[in-house]
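I opened a new notebook page for this one. Sheet first, then the ligand, then a helix and a loop.

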Amino acid sequence: MKNILIIGSTGQIGTELTMHLRNHYQGNVVAGYIPAAAPKGELLESGPAEVVDITNAQQIADTVEKYDIDTIFNLAALLSAVAEAKPQLAWHIGLGGLFNVLEVAREKGCAVFTPSSIGAFGPGTPKDKTPQDTVQRPQTMYGVTKVAGELLGDYYHKRFGVDTRSVRFPGLISNVALPGGGTTDYAVDIYYKAIQDGSFVCPIKAGTFMDMMYMPDALHAMVQLMEADPTRLKHRNSFNIASMSFEPEMIYAAIKKEMPDFTMTYEVDELRQQIAESWPNSLDDSCAREEWDWSPTYDLDSMTRDMLEKLSARLK
Ligand SMILES: NC(=O)c1ccc[n+]([C@@H]2O[C@H](COP(=O)([O-])OP(=O)(O)OC[C@H]3O[C@@H](n4cnc5c(N)ncnc54)[C@H](O)[C@@H]3O)[C@@H](O)[C@H]2O)c1
């Protein structure tokens with residue numbers, strides 16, 4: 001990776017990935033954005049930024065040409081709960097956008113990273129230790145775009161030799177940018193509310209397990225996969241990765257260990273609950289471990305300590 005374009009650089013992942021890459025790579029790391037979500041502060045001041053709407057193939061091609069881009073991180077998407085409210089737009093951005101990126105990559109010889117998700121699985125998928133290669137029949141538009149995106153990524157690799165790589169992210173927990181409307185957002189909100197209010201109303205039912213990951217591990221996964229030796233990769237789109245699986249009572253208990261007065265009640269959001277129940281409880285990530293040495297650093301307790309420390313310093 002030398003010159004890098006990040007499409008969707010101002011979202012939850014992009015905000016941190018852009019800074020991470022700028023701190024670790026010498027070449028241009030271009031922050032692509034749409035005018036409705038322009039970069040600010042450090043993100044704007046620390047490197048080049050360009051308007052790149054993923055639905056506009058010309059804008060992608062012009063930016064790739066201008067900065068001699070060799071790697072594209074495609075982070076533009078509508079997340080699961082938002083995509084259910086706007087399914088047509090979710091398809092247009094998720095699949096139409098990915099097609100534009102892959103076509104530009106084919107013409108200009110770029111490598112492409114596009115995240116998939118635990119949302120690429122559905123109710124027919126084995127729920128515990130979900131295998132790498134298994135049934136993928138999701139019932140949400142988010143899931144439909146993710147499965148189709150995985151297939152399109154593999155197609156462009158096999159048919160045209162485009163270096164496409166991807167992971168299925170679980171819910172990502174971070175303390176820099178807020179999440180963009182996903183089903184796992186509660187596991188970020190709970191830390192903010194613990195610090196700000198000392199109490200949290202949980203929208204997901206007790207006992208609902210989902211895979212989650214702390215953002216530093218997610219950043220590490222993206223870079224490690226894109227730097228991996230291609231001859232070792234038997235899979236490409238998309239690798240299961242995992243670091244922790246928990247249900248609301250477990251994250252509540254982890255926070256309570258650090259903040260004994262913290263309280264939690266429930267007010268279940270039916271749409272998010274339905275989506276959560278259709279997703280796996282935990283993924284088997286042994287292929288990622290074998291093919292590119294994936295290994296996470298954080299568990300629930302170490303993440304909780306770090307989240308509370310960072311947020312307390314910022315919010316208090
Ligand atoms: N955050 C998570 O927990 C999580 C989990 C699994 C997978 N993912 C995947 O990772 C990727 C990034 O997720 P995120 O959490 O950063 O999402 P986000 O909603 O926080 O950010 C999405 C970004 O896309 C941009 N965008 C929207 N429409 C666009 C368009 N037409 N052209 C260009 N950019 C556009 C938004 O401005 C935003 O910067 C998505 O593919 C998402 O499905 C995220």
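**Entry 1: the sheet.** I looked up the strand order and found three strands in an open sheet, β6-β8-β12, with parallel pairing. The edge strands are β6 and β12 (239-240), and each pairs on one side only. Strands here are DSSP runs of E with at least two residues, helices are runs of H or I with at least four, and both are numbered from the N terminus. Two strands pair if DSSP finds at least two bridges between them. I then checked β6 against β8 (residues 167-169): they pair in the parallel sense over two bridges. Ser116 stands opposite Arg168 in β8.

**Entry 2: ground rules.** I noted that this is a predicted model, where local features need pLDDT of at least 70, side-chain atom pairs count only at pLDDT 80 or more, and totals for chains, interfaces and linings use all residues. Residues are numbered from 1 along each chain as its sequence is written, and side-chain values use heavy atoms, with hydrogens and water left out.

**Entry 3: the ligand.** Which residues come nearest to the ligand? I found Gln12, Ile54, Tyr142, Lys146 and Leu172, out of 26 residues around it. A residue is near if one of its heavy atoms lies within 4 Å. The shell divides into 16 nonpolar, eight polar and two charged residues. Nonpolar covers Ala, Val, Leu, Ile, Met, Phe, Trp, Tyr, Cys and Pro; charged covers Asp, Glu, Lys and Arg; the others, Gly among them, are polar. α1 (12-24), β6 (116-117), α6 (141-160) and β9 (171-173) each supply at least two shell residues.

Next I listed polar contacts (pairs of N or O atoms within 3.5 Å; within protein, one must be able to donate a hydrogen and the other to accept it, and residues adjacent in sequence count only if both atoms are side-chain atoms). A ligand nitrogen is 2.9 Å from an N or O atom in the side chain of Asp53. A ligand oxygen is 2.8 Å from an N or O atom in the side chain of Lys146.

**Entry 4: helix α3.** Ile60, Ala61, Thr63, Val64 and Tyr67 are buried. Gln58, Glu65 and Lys66 are exposed on the other side of α3.

**Entry 5: Thr208.** I found Thr208 in the loop between β10 (199-202) and β11 (210-214). Is Thr208 buried or exposed? Thr208 is buried, at 9% relative accessible area. Its side chain makes a polar contact with the side chain of Gln273 (3.1 Å).

Terms used
Buried means under 20% relative accessible area, exposed over 50%, partly exposed in between (1.4 Å probe, protein chains only).
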